[in-house]
Amino acid sequence: FFYFLSVKVPASYTFMGNDGTYGDKVLDWFGVEKKKYSFRINGYDKKIIFNKNNSDINIDQYGLLPEDIILLSVSRLEYWKRVDRIIYAFASSQKVCPNLKYIIVGGGPEFERLKALSALLGVEKKIIFTNRKPHSFVSSFIKRADIFASCYEHSNMANPVIESCLCGKPIISINDGTTKDILIDNYNCLLADKNNIIADLTSNLIKLSLDENLRKNLASNSLKVAKEKIMSWDERMKLEENEI
């Protein structure tokens with residue numbers, strides 16, 4: 001009801017956040033004029049993204065080796081976040097990419113089920129479940145990762161994807177239209193077709209794991225996109241204050 005009120009109460013101007021859930025289409029449907037709203041990607045916290053604290057992730061602590069390629073996902077472990085898709089793709093890639101490891105940062109109701117799934121697929125020794133971690137440590141995990149993965153059911157324009165772009169990481173995700181403002185297939189990411197998700201994720205993960213130059217190219221382009229399209233919260237708030 002309150003979401004409904006927020007777009008039905010007459011306003012001179014509306015700020016709608018772009019989190020991949022088509023908020024602009026909602027405003028259009030309610031008849032809000034395009035010139036009377038802004039639709040911007042979430043900002044980021046400079047203090048968190050560019051912190052120097054890497055003490056929470058080190059090779060010794062998690063049993064990682066320098067030659068390991070690190071796949072990472074960061075999210076609350078809810079079913080709709082679909083971390084299981086990544087686990088299936090990771091397991092399928094192991095015969096070709098034995099030095100690939102997977103770190104799952106997050107806790108939630110799916111924690112035990114996902115651990116059981118990794119054991120069922122025989123990859124429990126290759127997957128590191130960190131459980132919940134403070135947001136201030138998330139960038140430390142992202143900086144150590146070689147590949148970032150996000151395969152949510154509904155929208156992948158999530159803060160960890162934004163933060164991965166800012167940290168210059170190649171990303172694998174789903175071509176669902178929600179990330180089109182920052183993820184460009186074969187430019188800074190590899191996207192799976194919605195009708196062939198697990199197979200495409202597996203193929204893209206193997207491709208990135210085996211091709212260091214591809215990882216570097218996508219990573220470089222992630223940084224370019226981040227500089228062009230993503231603002232810090234301070235920058236965004238200053239812009240919106242001026243608009244008000």
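## A walk through the model

Start by selecting helix α8, residues 159–166: 7 of its 8 residues are buried, so the helix is largely enclosed by the rest of the structure. Buried here means under 20% relative accessible area, exposed means over 50%, and partly exposed is in between, using a 1.4 Å probe and protein chains only. Helices are DSSP runs of H or I with at least four residues, and they are numbered from the N terminus. What you have open is a predicted model, in which local features need pLDDT of at least 70 and side-chain atom pairs count only at pLDDT 80 or more, while totals for chains, interfaces and linings use all residues. Residues are numbered from 1 along each chain as its sequence is written, and side-chain values use heavy atoms, with hydrogens and water left out.

Which residues of α8 are buried? Colour P160, V161, I162, E163, S164, C165 and L166 to see them. Then step past the helix to G168, which follows α8 and has a positive phi, near 70°.

**Into the core**

Next, pick L71, I87, F90, Y102, I104, I127 and I172. These have the most contacts inside the largest nonpolar core, a group of 33 residues. A nonpolar core is a set of buried Ala, Val, Leu, Ile, Met, Phe, Trp, Tyr and Cys residues joined through side-chain atoms within 4.5 Å. Which helix gives the most to this core? Select residues 83–93: that's helix α5, and it supplies 6 residues.

Now centre on I104. Leaving aside neighbours within four places in sequence, I104 is in contact (heavy atoms within 4.5 Å) with S73, L77, V83, I87, I127, I128, F129, T130 and N131. There is also a second, separate core, with 31 residues.

Time for some charged side chains. A salt bridge is a side-chain nitrogen of Lys or Arg within 4 Å of a carboxyl oxygen of Asp or Glu, and by this rule the count comes to 15.

Select D28 and K34, whose side chains meet in a salt bridge at 3.1 Å, N to O. K34 is exposed, with a relative accessible area of 59%, whereas D28 is partly exposed at 31%.

Move on to E78 and R76, where the closest N and O atoms of the salt bridge are 2.7 Å apart. E78 is partly exposed at 26%, and R76 is partly exposed at 39%.

Then try D84 and R82, which form a salt bridge at 2.9 Å, N to O. Are these two buried or exposed? D84 is buried, with a relative accessible area of 7%, and R82 is buried at 13%. For a network, select R40, R236, E240 and E243, which are joined by salt bridges that share partners.

**Last stop: the rings**

Rings of Phe, Tyr and Trp (its six-membered ring) pair if their centres lie within 6.5 Å; planes under 30 degrees apart count as stacked, over 60 as edge-to-face and the rest as tilted. The count here is 7 aromatic pairs.

Show Y13 and F15: this pair is edge-to-face, 5.2 Å centre to centre with 70° between the planes. Y13 is partly exposed at 33%, and F15 is partly exposed at 30%.

Finish with W29 and F30. Their ring centres are 5.1 Å apart and their planes sit at 90°, so this pair is edge-to-face. W29 is exposed at 70%, while F30 is partly exposed at 23%.

Technical notes. Helix = DSSP H or I, 4+ residues; strand = E, 2+ residues; numbered from the N terminus.
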